[in-house]
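Dear colleague,

I am passing on to you the structure shown below, together with some notes on what was found in it. Please read the notes with the sequence and the model side by side.

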Amino acid sequence: MAPSALGEFLRARRSRVGPEDVGLPAVSHRRVSGLRREEVALLAGMSVDYYVRLEQGRERSPSVQVLEALSSTLRLDEDARAHLFRLAGLGPRPRPIPAPEAVAPELLRLLESWPEQPALVLGGTYDVLARNRIGRALFEEFSHSDNLLLNVFLDPAAHRFYRDWQSAAVNTVAGFRLLTAQRLADPRVAQILLELEEHSPEFRRIWARNDARGKNAETKTFVHHQVGELTLHMQAFDVRSAPGQQLIVYHTEPESPSAQAVRLLGSLAATADLES
């Protein structure tokens, strides 16, 4: 039987936990990375046969108690735990997603009220639904698409733009997987995955990690073709009125070189708008 998304996730996460992480003796020359299936079953208090059926996709309806035990054994954080429950059909039922997704006018006005804070709104499949003026200027080198995930892997500008491209790629994939567990039947998800699987070996490698993690507050360094290096703090907010949408806002340390560069970028963007 073809493996299920639940089974694939369990297998990937099992490979990331070593015996020493869970109090088991470390044995050299192990044939598998991470825990063995029988070790997971023992630690989670279930039969080996039942756990094997979960990984192979022959059992797809585990109980809450089983999922809690697996979450603990596999050392899942809150995002990964929620992802596991959704894959097992025990998360909240997703609301219907409007097509196309739209950004509320009030949120658009809020974005434009921040002249020195690049901001954008992401949809549930990481399509960029809106940007403010300085946000458009920050990401203006990207021309492949209006999808964040596709741009990270398929736009030639990405490796130049992200100072730490590997970290940006891993985090973007993890966030995409977490969101799309709520819309596995969405044709847009299938379209994005098909394009990436066909054209990006780097994506295939990172996707196989099965990370599921939402966007958190973090610091990123970009290299902009007009103003140079920018170190920006990022905050991500769920848009309560439109489940699945996220508001992403960047800001700088006051009076830092990056703050000066952002002001210059805003001035250049305003001038370009006046001339267009």
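**The cavity**

When the whole structure, which is a predicted model, is searched, one cavity of 30 Å³ or more is found. The space in this largest cavity comes to about 170 Å³, and among the 17 residues that line the cavity, L120, F139, L148, Y162 and Y250 are the closest to its centre. Two or more lining residues come from each of the elements β1 (119-122), β2 (128-131), α8 (148-154), α10, β3 and β5 (246-251). Sorted by class, the lining of the largest cavity is made up of twelve nonpolar, two polar and three charged residues.

**The second largest pocket**

The lining of the second largest pocket holds nine nonpolar residues, along with three polar and four charged ones.

S200 sits in the loop between α11 and α12 (201-207), and it counts as buried because its relative accessible area is 2%, where the limit for buried is under 20%. The side chain of S200 reaches the backbone nitrogen of F203 at 3.0 Å, and, when residues up to four places away in sequence are not counted, S200 touches F153 and L154.

N210 lies in the loop between α12 and β3 (218-224). Is N210 buried or exposed? With a relative accessibility of 6%, N210 is buried. Once its neighbours within four places in sequence are left aside, the residues in contact with N210 are E8, F9, A12, R13 and R177. As for E198, which is twelve residues away from N210 along the chain, the C-alpha atoms of the two residues are 18 Å apart.

With kind regards

How values were computed: Residues numbered from 1 in each chain as written. Predicted model: local features only at pLDDT ≥ 70, side-chain atom pairs only at ≥ 80, totals over all residues. Heavy atoms only, no water. Nonpolar A, V, L, I, M, F, W, Y, C, P; charged D, E, K, R; others polar. Helix = DSSP H or I, 4+ residues; strand = E, 2+ residues; numbered from the N terminus. Buried < 20%, exposed > 50% of the residue type's maximum accessible area, 1.4 Å probe, protein only. Polar contact = N/O pair within 3.5 Å; in protein donor to acceptor, adjacent residues only side chain to side chain. Contact = heavy atoms within 4.5 Å. 1 Å grid on protein atoms, 1.4 Å probe; cavity = no way out; pocket = protein on both sides within 12 Å on 5 of 7 lines; lining within 4 Å. Points joined across faces, edges and corners; volume = space filled by probe spheres on them.
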